[in-house]
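Subject: Handing over a structure

Dear colleague,

I am passing this structure on to you, together with some notes on what was found in it. Please have it open beside you as you read.

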Amino acid sequence: MEKRIKGSCTTILVGKKASLDGSTIISRNDDGHEALDPERFVVVNPSDQPTNYKAVISGVEVKLPDNPLRYTSIPNSILTNGIWPAAGINSENVAMSATETITTNSRILGIDPYVAGGIGEEDLVTLVLPYIHSAREGVERLGSLLRDYGTYEPNGIAFSDHDEIWWLETIGGHHWAAKRIPDDAYVVAPNRMNIDDFDFAADDTLASDDLEDLIAKYQLNPDFKGVNLRHIFGSASTKDTVYNNPRAWFGQKYFNPEIEQDPQGQDLPFICHANRKISIEDVKFVLSSHYENTKYDVYGHGSEDDKKLFRPIGINRNHDVHILQIRNNVPESIAGIHWLAFGANTFNTVVPFYANVDDTPAVYKDADGTFNMNHMYWLSCTVALLGDTDYDLYVDFRNTYALQAMSAYREIQHATDAAIQDGADVKSTLKDANEKLSQESFTRTTKLLGDMVTFGSEHMKLRYNLND
């Protein structure tokens with residue numbers, strides 16, 4: 001098997017009654033194992049979907065159905081380790097984000113070891129998203145693939161449609177469990193096993209057929225009462241207290257500031273209820289965050305030990321952030337919105353691309369391994385790098401840019417929604433809207449970089465003035 005490539009992401013899920021406009025929202029930072037790994041935003045049309053799939057990392061071969069749906073995708077630009085599509089929305093307005101790398105323990109791996117020739121993050125979107133018509137169907141299809149092929153790694157995967165959000169976590173080589181997120185709830189999921197309380201008999205849970213019996217047979221449950229899958233199959237390591245748990249803590253602190261919790265606590269809840277309705281901007285803020293207004297902020301004024309203690313959510317290894325929104329107050333043809341930004345999240349904005357299209361704008365589609373600021377991936381990475389050199393110096397530029405850019409994107413979106421509802425041609429209107437959105441983003445991000453360079457040049461250390 002090829003060298004295992006690991007990511008380390010952060011996921012946020014928002015039920016339709018918890019979101020500001022009644023949408024379902026699944027979102028994730030697609031974090032990589034290194035700071036730069038170019039990505040593209042594409043549409044995979046049915047004619048482009050393989051019928052005989054072969055993974056690069058594991059070599060697994062899977063015969064695929066004959067009737068794939070069209071879907072958006074965020075693949076790697078350099079395919080040495082495979083496609084890694086990350087996330088997308090298909091033509092039935094079903095969304096999928098894969099994956100959140102999670103944790104496990106030796107007890108389950110001694111019973112159900114990983115499968116070296118199985119499926120993994122490289123493969124999952126390609127194998128599942130083009131063939132599902134609901135979020136629940138996504139869980140069922142992935143569950144059957146895990147049963148038949150196994151996996152070589154632990155992952156969490158999100159699915160959504162108009163009404164439901166499901167979260168699936170793999171367990172060992174072949175097992176899995178999934179839970180439907182309540183409509184009025186949200187989830188912040190870092191790189192650990194996240195599902196806690198689990199009722200095998202409930203309507204809002206699904207699992208591999210023998211999982212409940214396996215727990216009993218091998219005496220895996222450490223609790224005197226109930227079933228907590230995180231306790232049974234997950235970890236509670238020292239690394240979790242500095243790498244994973246603080247991210248859940250900060251997200252929950254943002255949505256529920258009235259609740260006091262330990263940032264290193266091992267039992268931070270999976271299902272949460274915010275004290276207000278959650279917007280796209282809220283989700284983006286948390287996925288970009290670095291423990292603002294706490295002593296742990298890497299750009300803050302705490303001690304050097306405190307600033308280095310916890311792994312931030314926004315990090316140099318953010319390759320993209322996607323927020324997949326399925327709207328319920330608009331026609332079906334414009335329900336799916338694939339919000340997207342590239343690079344480290346501290347200095348970017350998500351753009352609301354319509355998913356019901358056959359192609360994507362070139363500035364978001366054509367990045368490769370050669371540095372080129374005419375491509376949004378590389379432009380975004382450059383802005384983030386410069387901003388990191390002096391966050392306090394540049395943050396006001398970032399804040400003005402984010403407010404103005406998001407306002408412009410929403411203006412284009414409102415006009416496009418209105419045009420579709422007035423009977424405009426869907427395909428051409430959405431194609432034009434996505435082009436306008438991409439150009440608005442590219443122009444504003446280029447201006448942000450220019451403003452930062454112009455202002456920052458006056459503050460370089462390499463200067464001399466007789467009045468200094």
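Please keep in mind throughout that this is a predicted model.

Setting aside its neighbours within four places in sequence, Ser19 is in contact with Val14, Ile25, Lys277 and Ile278. The residue itself belongs to the loop that runs between β1 (10-14) and β2 (24-31), and its relative accessible area is 2%, so Ser19 counts as buried. Its side chain also has a polar atom that lies 3.2 Å from the backbone nitrogen of Gly22.

To return to Leu229, its contacts, once neighbours within four places in sequence are left aside, are Ala177, Met193, Ile195, Asp196, Phe198, Ile215 and Gly234.

The aromatic residues deserve a paragraph of their own, as the structure holds 19 aromatic pairs. One of them is formed by Tyr299 and Tyr391, whose rings are stacked, at 4.1 Å centre to centre and with 5 degrees between the planes. This pair links distant parts of the chain, since Tyr299 sits in the loop between α7 (280-288) and α8 (304-307) while Tyr391 is in helix α11, 92 residues apart, and both Tyr299 and Tyr391 are buried. In another pair, Phe353 and Tyr364, the ring centres are 4.9 Å apart and the planes stand at 75 degrees, so the arrangement is edge-to-face. Because Phe353 lies in strand β16 (residues 351-354) and Tyr364 in helix α9 (residues 362-365), the pair ties together parts that are eleven residues apart in sequence. Phe353, at 0% relative accessibility, counts as buried, and Tyr364, with a relative accessible area of 1%, is buried too. These two residues also belong to one aromatic cluster, formed by Phe41, Phe342, Phe353, Tyr364, Phe371, Tyr377 and Trp378.

Finally, there are charged side chains placed over rings: Lys239 lies over the face of Tyr243, at 4.9 Å from the ring centre, and Arg276 lies over the face of Tyr254, at 5.0 Å from the ring centre.

Terms used:
Residues numbered from 1 in each chain as written. Predicted model: local features only at pLDDT ≥ 70, side-chain atom pairs only at ≥ 80, totals over all residues. Heavy atoms only, no water. Helix = DSSP H or I, 4+ residues; strand = E, 2+ residues; numbered from the N terminus. Buried < 20%, exposed > 50% of the residue type's maximum accessible area, 1.4 Å probe, protein only. Polar contact = N/O pair within 3.5 Å; in protein donor to acceptor, adjacent residues only side chain to side chain. Contact = heavy atoms within 4.5 Å. Phe/Tyr/Trp six-rings, centres within 6.5 Å; stacked < 30°, edge-to-face > 60°. Lys NZ or Arg CZ within 6 Å of the ring centre and 35° of its normal.
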